Amino acid sequence: MYGPNAHGEDTYMFCPNSWKSIELYCLKVAIISSISIAVYWAFGDQLLDHANAFALLPRSRARGFVVVLMLIHQFITFGFACTPLYFVWEKVTGFHTSRNILVRAIVRLPVVLPIWFFAIIFPFFGPINSAIGALLVTFTVYIIPAAAHMATYRTTFARENAVEKPPRFLKSWAATYLLNLFVVVWTLVVDFGFGGWASITNFVHQINTFGLFAKCY
């Protein structure tokens with residue numbers, strides 16, 4: 001069950017076996033954003049001067065559908081990233097034991113509103129976010145977990161006493177090791193290497209255009 005327990009603690013934080021399914025659901029939504037690769041292929045040069053890639057696409061139901069999916073992705077990512085702040089704020093205000101979801105949502109507004117305001121102040125966050133994603137997120141989301149799994153189960157003793165064995169579609173520890181190795185190498189070369197180079201180059205090209213608040217405000 002999810003939600004606060006008798007001690008006011010969120011029970012899903014104590015259910016590690018549920019983390020994999022949650023991460024899988026998040027990954028399914030995140031994969032949608034990978035469609036942007038095709039947009040970069042088609043509008044690569046124009047995207048250097050247009051932060052909103054969707055504005056370059058012709059109006060269609062497909063574009064509207066993708067915009068909706070991206071908004072869902074952003075809402076999920078925002079909630080996922082702010083969850084630690086929510087827990088701390090609820091502890092401070094004393095609402096961490098409440099079972100009323102509406103009350104807890106209202107209590108979290110002082111956390112959400114400042115972040116929303118700063119997002120409006122800094123319209124040039126796109127290039128910064130791109131660089132952070134390529135240089136830092138790739139390590140925390142892909143490289144470190146895969147490398148840690150390889151390091152943890154590098155010995156025969158650790159593999160024999162592992163709580164969870166390799167999934168059925170891999171069948172062996174060797175296949176699991178190769179999959180982790182592929183993730184580490186691919187992410188290090190493509191995301192961190194090429195992605196980092198592209199994001200830093202784009203950041204340098206746009207740095208003279210940075211300013212507070214977008215022109216529409």
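Lys 171 is exposed, because its relative accessibility is 74%; exposed here means over 50% relative accessible area, buried under 20%, and partly exposed in between, computed with a 1.4 Å probe on protein chains only. Lys 171 lies in the loop between helix H7 (156–160) and helix H8 (173–206). Although Lys 171 is not a glycine, its phi is positive, at about 75°.

The structure is a predicted model, in which local features need pLDDT of at least 70 and side-chain atom pairs count only at pLDDT 80 or more, while totals for chains, interfaces and linings use all residues. Residues are numbered from 1 along each chain as its sequence is written, and side-chain values use heavy atoms, with hydrogens and water left out.

## Overall architecture

The protein has eight helices and zero strands, where helices (H or I, at least four residues) and strands (E, at least two) are DSSP runs numbered from the N terminus. Read along the sequence, the pattern is α-α-α-α-α-α-α-α. Of the 217 residues, 21% count as buried. The accessible surface comes to about 15,900 Å², and 71% of this area belongs to carbon and sulfur atoms; such areas come from the Shrake-Rupley method with a 1.4 Å probe, and for residues only the protein chains shown count as cover. Among contacts between residues at least 6 apart in sequence, 57% join residues at least 24 apart, a contact being heavy atoms within 4.5 Å.

## Annotated spans

An unreviewed UniProt entry carries the annotation "transmembrane region" for residues 22–43, 63–89, 101–125, 131–153 and 174–194. UniProt positions are given in the numbering used here, feature names are shortened, and annotations may be inferred rather than shown by experiment. In the model, residues 101–125 are 84% helix and 0% strand, with end C-alpha atoms 31 Å apart. Residues 131–153 are 96% helix and 0% strand, and their end C-alpha atoms are separated by 32 Å.

Arg 63 belongs to helix H3 (residues 61–93). With a relative accessible area of 18%, Arg 63 is buried. Leaving aside residues up to four places away in sequence, Arg 63 touches Phe 54, Ala 55, Leu 57 and Pro 58.

Side chains of opposite charge can pair when their charged atoms come close. A salt bridge is taken as a side-chain nitrogen of Lys or Arg within 4 Å of a carboxyl oxygen of Asp or Glu, and by this rule the count comes to two. The pairs are set out below.

| Salt bridge | N to O distance |
|---|---|
| Glu 90 – Arg 104 | 2.7 Å |
| Glu 90 – Arg 108 | 2.6 Å |

Glu 90 lies in helix H3 and Arg 108 in the loop between H4 and H5, so this pair ties together parts that are 18 residues apart in sequence. The salt bridge of Glu 90 with Arg 104 links helix H3 to helix H4, with the two residues 14 apart. Arg 108, at 22% relative accessibility, is partly exposed.

## Helix H5 and the nonpolar patch

A nonpolar patch on the surface is formed by Leu 102, Ile 106, Leu 109, Leu 113, Trp 116, Phe 117, Phe 118, Phe 122, Phe 125, Leu 212 and Phe 213, with about 1,100 Å² of accessible area together. The elements that give two or more residues to the patch are helix H4 (101–107) and helix H5 (109–121); H5 gives the most, with five residues. Patches are made of residues with over 30% relative accessible area and no salt bridge, like charges being joined within 9 Å and nonpolar side chains (Val, Leu, Ile, Met, Phe, Trp, Tyr) within 5 Å. Phe 122 is found in the loop between H5 and helix H6 (125–152) and is partly exposed, at 32% relative accessibility.

The buried residues of H5 are Val 111, Ile 120 and Ile 121, and they pack against H3. The 13 residues of H5 should span 18 Å at 1.5 Å a residue, which agrees with the 18 Å between its end C-alpha atoms; the expected span is 1.5 Å times one less than the number of residues.

## Trp 197 in helix H8

Trp 197 is found in helix H8 and is exposed, at 60% relative accessibility. The C-alpha atoms of Trp 197 and Leu 135 are separated by 9.3 Å, with the two residues 62 apart along the chain.
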